[in-house]
Amino acid sequence: MQTLWGSAESAYAISFALEKVDSIELEGFKRFFRDLPVDPYIKGNYRTRRLSRFKIIGNELVKLPHGYLFQSKNYNPLVGGIKREFAELDDAMIELDEFKKLVFEFSHYCKLNPGVEIGVHQIRTSCSPDNFGNPAPEGIHRDGCEFVGIFAVDRENIAGGETHLYVAKKEKPVFNKVLRAGELLLVNDREFFHFTTPIKPLSPGLGTRDVFVLTSPSLLS
């Protein structure tokens, strides 16, 4: 893992850092983004999504039982305060060595305690000339966990989708960058707000942005 740019680590864990994860081959992930169910909690049918939660026990990645995602309205004014249910990640994808590498990299770099739950969101945001996509419809926000990781898998025919970090909502971002394939942005959710700008197609037709979002704790129950 090569650090491109980021803040210094504290004795506890990261503040934020951008990593290029060269050890993860992305091609095996791509087919699993093509059949994601539509996120029923967001209007516009431009976001599709799956979600599962895991623990790392020793050298094993253990998938936990199905749960419901819950955030308070303080963190998510758009869909907070309700239990949200999403389809589980595809078992065949979970078995990929590349997937296990991703979760272990997130845990290692954030210095997570053994046995802490990790939520893994698989998200595609789509756009067309008539329907722009919004990766963060809730606006500038925190997720309500301790650590967030955003891992970019693919961008196809899009402009926009620039990720920002803020110390405070009304201040200028302290970080802003379009995440390229293979880059992992790690963020201390207690210290920073985050946001990703809308996407639109570069040329006529569909555009897509594929990411994994990892959270600790999982926010599922």
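Hi everyone, let's start with valine 103, which touches Ile56, Leu61, Ile118, Val120 and Leu214, leaving aside residues up to four places away in sequence; contact here means heavy atoms within 4.5 Å. Please keep in mind that this is a predicted model, where local features need pLDDT of at least 70, side-chain atom pairs count only at pLDDT 80 or more, and totals for chains, interfaces and linings use all residues. Residues are numbered from 1 along each chain as its sequence is written, and side-chain values use heavy atoms, with hydrogens and water left out.

Where does valine 103 sit? You'll find valine 103 in helix α3, residues 97-110 (helices are DSSP runs of H or I, at least four residues, strands are runs of E, at least two, and both are numbered from the N terminus). Valine 103 counts as buried because its relative accessibility is 0% (buried means under 20% relative accessible area, with a 1.4 Å probe and protein chains only). Leucine 61 is 42 residues apart from valine 103 along the chain, yet their C-alpha atoms are separated by 8.2 Å.

Now, the cavity. On a 1 Å grid over the protein atoms alone, a cavity is a set of points where a 1.4 Å probe fits but cannot get out, and lining residues have an atom within 4 Å of a point. The largest cavity holds about 370 Å³ of space. Its lining has 28 residues, and those closest to the centre are Ile123, Pro135, Glu138, His141 and Val213. Which strand gives the largest share of this lining? That is β13, with four residues.

How values were computed:
On a 1 Å grid over the protein atoms alone, a cavity is a set of points where a 1.4 Å probe fits but cannot get out, and a pocket is an open set with protein on both sides within 12 Å along at least five of seven lines; lining residues have an atom within 4 Å of a point. Grid points are joined across faces, edges and corners, and a volume is the space filled by probe spheres set on the points. Buried means under 20% relative accessible area, exposed over 50%, partly exposed in between (1.4 Å probe, protein chains only).
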